[in-house]
Amino acid sequence: MLIRSGDTVQVITGADRGVKSRVIVIDRAAGKAIVEGVARVYKHVRRSQKHPQGGRLSKEMPVQLSNVAFYCATCDKGVRLGARFTKDGSKERFCRKCGTGVGQIAPAKAAHATGGDAKKKAPAKAVAAKK
Ligand SMILES: [Zn+2]
């Protein structure tokens, strides 16, 4: 799951279909996210210490992550994300449609660099496989 809190997502199904909004919280274990302004419900609350007035509270309910897609500004729509290593060995997320990188997810590591090093390693593996 490559969607993170703070990302802009587009709702792809349900009553709020088409809405573009920001992810507030992600619950990876449940596979759900709370998205700003999406799946709003009125919760009726009784008078209490926390809510001395009581009344109707408007809040967002969690939505299934499969019902939202990462919003790519370049493509202007919800897209799937991939993860890849860049030339300097850092890991980044990218749009599977247009290939635009959308932010680093791990710092640069020489072992993962996709520069000249990776090409040198490849033939060595081929030789080992033959043996
Ligand atoms: Zn894109």
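Predicted model: local features only at pLDDT ≥ 70, side-chain atom pairs only at ≥ 80, totals over all residues.

First, the ground rules. Residues are numbered from 1 along each chain as its sequence is written, and side-chain values use heavy atoms, with hydrogens and water left out.

Now the overall layout. The chain has one helix and eleven strands. Helices here are DSSP runs of H or I with at least four residues, strands are runs of E with at least two, and both are numbered from the N terminus. Reading from the N terminus, the order is β-β-β-β-β-β-β-β-β-β-β-α. Of the 131 residues in the chain, 24% are buried. Buried means under 20% relative accessible area, exposed means over 50%, and partly exposed is in between, with a 1.4 Å probe and protein chains only.

Next, the sheet. Six strands make an open sheet in the order S6-S3-S2-S1-S7-S8, with antiparallel pairing. The strands at the edges are S6, residues 63–64, and S8, and each of them pairs on one side only. Two strands count as paired if DSSP finds at least two bridges between them. As background, strands of a sheet pair through backbone hydrogen bonds, either parallel or antiparallel. Cysteine 72 is the residue opposite lysine 77 in S8. Keep that lysine in mind for the end.

S9 and S10 are antiparallel and share five bridges. Leucine 81 has cysteine 95 in S10 as its bridge partner. The hairpin of S9 and S10 has five residues between the strands, and there glycine 89 takes a positive phi near 90°. On to the next pair: S10 and strand S11, residues 101–106, are also antiparallel, with three bridges. The bridge partners include phenylalanine 94 with glycine 101 in S11, and glutamate 92 with glutamine 104 in S11. The hairpin of S10 and S11 likewise has five residues between the strands, and glycine 99 takes a positive phi near 85° in this one.

Why is S10 described as largely enclosed by the rest of the structure? Because four of the five residues of S10, residues 91–95, are buried.

That takes us to the charged pairs. How many salt bridges does a search of the whole structure find? Four. A salt bridge here is a side-chain nitrogen of Lys or Arg within 4 Å of a carboxyl oxygen of Asp or Glu. I will describe some of them.

One joins the side chains of arginine 93 and aspartate 7, at 2.9 Å from N to O. Arginine 93 is in strand S10 and aspartate 7 is in the segment before strand S1 (8–11), so the pair ties together parts that are 86 residues apart in sequence. Both arginine 93 and aspartate 7 are buried.

Another is between arginine 40 and glutamate 60, with the closest N and O atoms 3.3 Å apart. Arginine 40 sits in strand S4, residues 40–45, and glutamate 60 in strand S5, so this pair ties together parts that are 20 residues apart in sequence. Arginine 40 is partly exposed at 46% relative accessibility, and glutamate 60 is buried at 16%.

Arginine 84 and glutamate 92 also form a salt bridge, with the closest N and O atoms 2.7 Å apart. Arginine 84 is partly exposed at 30% relative accessibility, while glutamate 92 is buried at 15%.

Last, the surface. Lys77, Arg80, Arg96 and Lys97 form a positive patch. Patch residues have over 30% relative accessible area and no salt bridge; like charges are joined within 9 Å, and nonpolar side chains (Val, Leu, Ile, Met, Phe, Trp, Tyr) within 5 Å. Arginine 80 lies in the loop between S8 (77–79) and S9 (81–85). Is arginine 80 buried or exposed? Arginine 80 is exposed, at a relative accessible area of 70%.

Terms used. Areas by Shrake-Rupley, 256 points an atom, 1.4 Å probe, with all protein chains shown as cover. Lys, Arg positive; Asp, Glu negative; His and termini not counted. Charge placed at Lys NZ, Arg CZ, Asp CG, Glu CD.
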